Amino acid sequence: RIGVILAFYDKWLRYVKKDRVSLSTLLFSKSSGLTFTYSSIKLLNDYHHLLYDHDGPGQLEQIASFLKKEYLSSTRCEVGTCKILKRLHRDRWSFGMNNSHRITSYSGKDDSEEVYVLKVCDR
């Protein structure tokens with residue numbers, strides 16, 4: 001499941017429009033086109049499964065390599081403009097004090113579930 005979600009995420013990141021549907025809405029709606037039902041809880045469970053059940057030497061690296069090869073586009077982000085890197089290296093104090101920074105960084109969305117889903121997918 002996580003590979004399919006990453007493929008959705010990859011395509012969603014590259015679809016640059018101000019009025020695009022939020023990632024959480026896209027993934028968790030009945031019309032998502034997924035052959036399975038999914039939720040933010042299942043996303044977190046899948047993420048934790050990878051972290052805690054595949055923590056042997058080199059396992060996470062092998063899984064990450066497989067997921068990148070099979071589910072993500074070969075196009076790389078430019079360091080200066082990459083949304084994921086900007087979110088990862090954000091000024092956390094500034095984000096806490098000014099919600100407009102958070103909204104701008106998370107694709108114009110202020111919904112907590114959307115921000116949470118993006119944070120998990122960014123990893």
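This report walks through the fold, first helix, core, salt bridge and surface of a predicted model.

## Ground rules

Local features here need pLDDT of at least 70, and side-chain atom pairs count only at pLDDT 80 or more, while totals for chains, interfaces and linings use all residues. Numbering starts from 1 along each chain as its sequence is written, and side-chain values use heavy atoms, with hydrogens and water left out.

## Overall fold

The chain has eight helices and zero strands, where helices (H or I, at least four residues) and strands (E, at least two) are DSSP runs numbered from the N terminus. Read from the N terminus, that gives α-α-α-α-α-α-α-α.

Of the 123 residues in the chain, 32% are buried; buried means under 20% relative accessible area, exposed over 50%, and partly exposed in between (1.4 Å probe, protein chains only). The chain exposes about 8400 Å², with carbon and sulfur atoms supplying 56% of that; these areas come from the Shrake-Rupley method with a 1.4 Å probe, and for residues only the protein chains shown count as cover. Take the contacts (heavy atoms within 4.5 Å) with a separation of 6 or more: 61% of them are between residues 24 or more positions apart.

## Helix H1

H1 covers residues 2-14. Its 13 residues reach 18 Å from first C-alpha to last, close to the 18 Å expected at 1.5 Å a residue (the expected span is 1.5 Å times one less than the number of residues).

H1 is mostly covered, with 10 of its 13 residues buried.

## The core

In soluble globular proteins, nonpolar side chains tend to be buried together. Here the largest nonpolar core has 18 residues, and Tyr9, Leu23, Leu43 and Cys121 have the most contacts inside it. Such a core is a set of buried Ala, Val, Leu, Ile, Met, Phe, Trp, Tyr and Cys residues joined through side-chain atoms within 4.5 Å. H1, helix H2 (23-28), helix H3 (40-53) and helix H8 (112-122) each give two or more residues to this core, and H1 provides the largest share, seven residues.

Leucine 23 is worth a click: leaving out residues up to four places away in sequence, leucine 23 touches Tyr9, Trp12, Glu114, Val117, Leu118 and Cys121. Its C-alpha is 9.0 Å from that of leucine 13, 10 residues apart along the chain.

## One salt bridge

The structure holds one salt bridge, meaning a side-chain nitrogen of Lys or Arg within 4 Å of a carboxyl oxygen of Asp or Glu. The partners are arginine 1 and aspartate 46, at 2.7 Å, N to O. Arginine 1 lies in the segment before H1 and aspartate 46 in helix H3, so the pair ties together parts 45 residues apart in sequence. Arginine 1 is partly exposed at 44% relative accessibility, whereas aspartate 46 is buried at 13%.

## On the surface

Val4, Phe66 and Tyr71 make up a nonpolar surface patch with about 240 Å² of accessible area together. Patches take residues with over 30% relative accessible area and no salt bridge, joining like charges within 9 Å and nonpolar side chains (Val, Leu, Ile, Met, Phe, Trp, Tyr) within 5 Å. Valine 4 belongs to H1 and is partly exposed, with a relative accessible area of 30%.

Glutamine 59 is in helix H4 (residues 59-71) and is partly exposed as well, at 30%. Beyond residues up to four places away in sequence, glutamine 59 touches Asp53 and His54.
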